[in-house]
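Dear colleague,

Please find below the structure I am handing over to you. My notes on what was found in it follow directly after.

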Amino acid sequence: IILFLNVFVPLKVQAYSLLGGRLINGVGNYGNNRQYYWVNPNIGEGISRADHAMSRWVNSSVYTPISFRRTTNQSAATIDVHRVPSANNAVIGTTTYHVGVGKVTYNRNWYWAKIEIRSGTYNAYGAGPRNWVFGHEFGHAMGLQHNTSDRNSVIYESYNNVNQRTYPSNDEFNGINRIYK
């Protein structure tokens, strides 16, 4: 008797997870339909960190529809970034999702997202976590959930080491493409 055993091994396993909702008006259209993010001036040196993080999402080696530019007109933005007072409780940033003035859960579609950088924790950290949090929260604002399988991912649930990426990987860009293409 000859017995054959077929084993299927996936060539690529996706590591990104999706929130279930998305920005209703998208993340841009390959430069043809730009979206805007606004950074509250009270964030100080975080403005340049936010700009750098967004440029890493926009200027990728993976072809995505992401096309954001910073604006000084908050009402034109689909992502708002604020610095809020907080204790140093290990939470460096949070993202909430909104339709009009009301919050919605992350598994529903939203018109705009609000990122809050928690000053108590932010101030306690150095450059690595400060750079990481902006890329991480922008990923949430565009619809990505925490990546629990890659501790070096920008969308991993917490900043944990000096090797952690402060910028999105190809896998995270593939997640954005899954949502918006």
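**The loop residue Ala90 and its setting**

Ala90 is situated in the loop that connects strand S4 (79–84) with strand S5 (93–99). Please note that this is a predicted model. The backbone of Ala90 deserves mention: its phi is positive, at about 75°, although the residue is not a glycine. Most residues other than glycine have a negative phi. Is Ala90 buried or exposed? Its relative accessibility is 57%, and because exposed means over 50%, Ala90 counts as exposed.

**The chain as a whole**

The protein chain contains 4 helices and 8 strands. Their order along the sequence is β-β-α-β-β-β-β-β-α-α-β-α. The radius of gyration is 18 Å, close to the 16 Å that the globule rule gives for 181 residues, so the chain is as compact as a globular protein of that length. Along the principal axes, its C-alpha atoms fill a box of roughly 75 × 35 × 30 Å.

Of the contacts between residues at least 6 apart in sequence, 71% join residues at least 24 apart.

**Surface and charge**

The protein chain exposes about 9,600 Å², and carbon and sulfur atoms supply 50% of that area. How many positive and negative side chains does the protein chain have? There are 17 positive and 9 negative ones, and the centres of the two sets lie 4 Å apart.

With kind regards

Conventions. Residues are numbered from 1 along each chain as its sequence is written. This is a predicted model: local features need pLDDT of at least 70, side-chain atom pairs count only at pLDDT 80 or more; totals for chains, interfaces and linings use all residues. Side-chain values use heavy atoms; hydrogens and water are left out. Helices (H or I, at least four residues) and strands (E, at least two) are DSSP runs, numbered from the N terminus. The radius of gyration is taken over C-alpha atoms; the globule rule is 2.2 Å times the number of residues to the power 0.38. Contact means heavy atoms within 4.5 Å. Accessible areas come from the Shrake-Rupley method with a 1.4 Å probe; for residues, only the protein chains shown count as cover. Lys and Arg count as positive and Asp and Glu as negative; His and the chain ends are not counted. The place of a charge is taken as NZ of Lys, CZ of Arg, CG of Asp or CD of Glu. Buried means under 20% relative accessible area, exposed over 50%, partly exposed in between (1.4 Å probe, protein chains only).
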